[in-house]
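User: Please take one part of this model and look at it closely. Then place it in the wider chain, with the cut-offs spelled out.

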Amino acid sequence: MTGGAAGGATLTQDADAISEPSLWWVCAAPDVAALLLDQALSGAGPDDCESDLAEGRAGPEPAVPGPDGPAAPPVPDGPEVFKAGFWDRSSGAGAGFASGGVSDRMPPGAILACLAEDTWRAGLGRLTDDELIGVLRAARRLSSWASALELSAAGDLLNRRLAEEAAGEAGVAEHASDEIAAALVLTARAAGRLEDQALALGRLPVTMRALAAGEIDLPRALVIADEVSGLSAAHAAIVEQVVIKDAACQTTGQLRAAVRRAVIVADPEAVRARRESAEREARVERWDEPAGTAGLAGRDLPAPDVLAADANITAIAGELRAAGLEGTMDHLRAQVFLALLSGRSPYALVPAVDGDDPVAPAGAPGAAARYGGHRGNGVAGTVNLTMPVSAWLGFSDAPGDVAGFGPLDAGDSRDLLERFAMNKSSRWCLTLTDAHGQPVAHGCAPSGPGAASGPGPGRDPGILAAAAAWLAGVKVAPLEVGACGHRHQSLAYRPPPLLRHLIGVRQRTCSFPGCRRPAHRCDQDHTLAFDQGGITCECNLAPLCRRHHRAKQSHGWRLEQPQPGVMVWTTPSGRSHVTGPTTYPDG
């Protein structure tokens, strides 16, 4: 948005710079700023504004104040967004922060900052809940914009010092972080971290542009930078192009999983080398906690081993709870963790009954035998691994995915699959997806498919033949998509095992936006309550973790399921958020 007049300031807002005079005019002269905003925004309705912003245009040029005061406003060439004349700052309704309003979608910069400041000064209590959420969103966009500016400045400073060092000024680059620390009153470690972030994002121009535009925040930008750190510049550029389009709608956890998957696909050898290097640094760490307690953790361990150990801890904790041991699952898991590592049987935590010895060895009478002390090899408990058939058969290195954990490269996925095969109670299923990766049919088999095949020309023909026979023997049934046919409806309140399983296939995690808790650890919630006429069917069930189950039942919240798996959440502010069925990655 540009405009000029003799003797006046220039109001400029683009991706590169905002001139000092424009900042002074907007923030030091609010009445003039309001007039300029009226003029600048009057030619764009909501749709036009969104389109203009996406293409880097900012609408019609405003009049610019001259030496004798504001110039006459130009005649608007479209419907007015704000009412004619000065923007009415006495009313929250004029702020434009309501859902879909101009300020709710305006890119960050001096104009949005002054709109937000003016609204804040007038009192946030004047705003509706919807408008207050709009201000909250604007503040996050402005924070992203400011972070991009800070990182760009830090990176530019470092580049100058590097250039000076290359010209013969020895040591100046080494102390660039000290210069930053002195300027910003930071510790040496914090200044070094800022410098590292500037360097990491300096090679990711697409990510930096998204940060400056307020499309992603700094934590998400750093997730991308961290996950691509082991890639070449060319591969990093490919990955950021792939992930940036959805990054604005993902939490950091969701984004990390998406970036990790893209990294594995882009350069599996680099991923393997990075993992092997980290595994050579495997260690156990101990530290003290503020409450006088302590922490203990293994770091950089092989993912299949960690997943198997975690599932085993959960399984034992569940058995102890079934045996009558009190406590939350988190507390019981912690007790099992300590017992196993300190050389004690976790089953000794169960009180003895009628002379039983709870510490009895596996296979002997007593609590250890009664509550699962005798275990075979393989994975105990629940680990939900999804792996493309092509990768299992060795035709691709497409990564697998563990619900609640994230992507595993093909080698680790095959390793985990082998562990499943050692446990006779493992469930083996086949899910068919449509062109968009959403599940449309599913079936389970009474036994596993046998060993996985490694990649490359050395694939075992016998394994491939056995796998083909197993696939052909799996009977699949369609999942409900679109209009529900109620094929799996139950008249009971509690969904039967098959229906519960199908819901977990359709949605592998809690259906609240951004929640990654695995479906098998969630409640199977009736979207419309059963006692209010809701049916037990695919079109009225969805996994909700306990926290978001309670949120749904709280005042002002509403959850609807217009189609099977399509969840529409409406918050107390009136804003709506939509989630859908799990999208399974390509093989």
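Analyst: Start with Cys484, which counts as buried at 19% relative accessibility. The classes are: buried, under 20% relative accessible area; exposed, over 50%; partly exposed, in between (1.4 Å probe, protein chains only). This is a predicted model, where local features need pLDDT of at least 70, side-chain atom pairs count only at pLDDT 80 or more, and totals for chains, interfaces and linings use all residues. Residues are numbered from 1 along each chain as its sequence is written, and side-chain values use heavy atoms, with hydrogens and water left out.

The part to examine is the cysteine pairing. How many disulfides does a search of the whole structure find? One. The test asks for a pair of cysteine sulfur atoms within 2.5 Å. Cys429 and Cys444 form the disulfide, with their sulfur atoms 2.5 Å apart. The link of Cys429 and Cys444 is right-handed, with 85° about the S-S bond. It ties distant parts of the chain: Cys429 belongs to strand β6 (residues 428-433) and Cys444 to strand β7 (residues 439-445), 15 residues apart. Helices (H or I, at least four residues) and strands (E, at least two) are DSSP runs, numbered from the N terminus. Cys429 counts as partly exposed, at 28% relative accessibility. Cys444 is also classed as partly exposed, at 34%.

Now back to Cys484. Cys484 is in no disulfide; the nearest cysteine sulfur is that of Cys537, 3.6 Å away. What keeps Cys522 out of a bond? Its sulfur lies 4.9 Å from the closest cysteine sulfur, in Cys510, and that is too far. Cys522 counts as buried, at 4% relative accessibility.

β6 and β7 pair in the antiparallel sense over six bridges. Two strands pair if DSSP finds at least two bridges between them. Cys429 stands opposite Cys444 in β7. The two strands, β6 and β7, form a hairpin with five residues between them. In the turn, Gly437 has a positive phi of about 85°.

Contact here means heavy atoms within 4.5 Å. Helix α20 (residues 497-506) is mostly covered, with seven of its 10 residues buried. The buried residues in α20 are Leu499, His501, Leu502, Ile503, Gly504, Val505 and Arg506.

β3, β4 and β5 form an open sheet, in the order β3-β4-β5, with antiparallel pairing. β3 (385-386) and β5 (406-408) are at the edges with a single partner strand each, so one side of each has no neighbour in the sheet. Strand β4 (residues 400-402) is joined to β5 by three bridges. Gly400 stands opposite Leu408 in β5.

Helix α10 (residues 218-227) shows helix-to-helix packing. Its buried residues are Arg220, Ala221, Val223, Ile224, Ala225 and Glu227. The buried residues of α10 pack against α8 (188-202), α9 (205-212), α11 (233-247), α12 (252-266) and α13 (268-279).

The loop between α5 (110-122) and α6 (129-166) holds Leu124. Leu127 has its place in that loop too. Leu124 is partly exposed, with a relative accessible area of 33%, whereas Leu127 is buried, at 11%. Leu127 and Ala98 are 29 residues apart in sequence and 9.2 Å apart in space, C-alpha to C-alpha. Areas come from the Shrake-Rupley method with a 1.4 Å probe; for residues, only the protein chains shown count as cover.

Last, the chain totals. The secondary structure comes to 21 helices and 13 strands. Of the 587 residues, 42% count as buried. Among contacts between residues at least 6 apart in sequence, 58% join residues at least 24 apart. The chain exposes about 30,400 Å², and carbon and sulfur atoms supply 56% of it.
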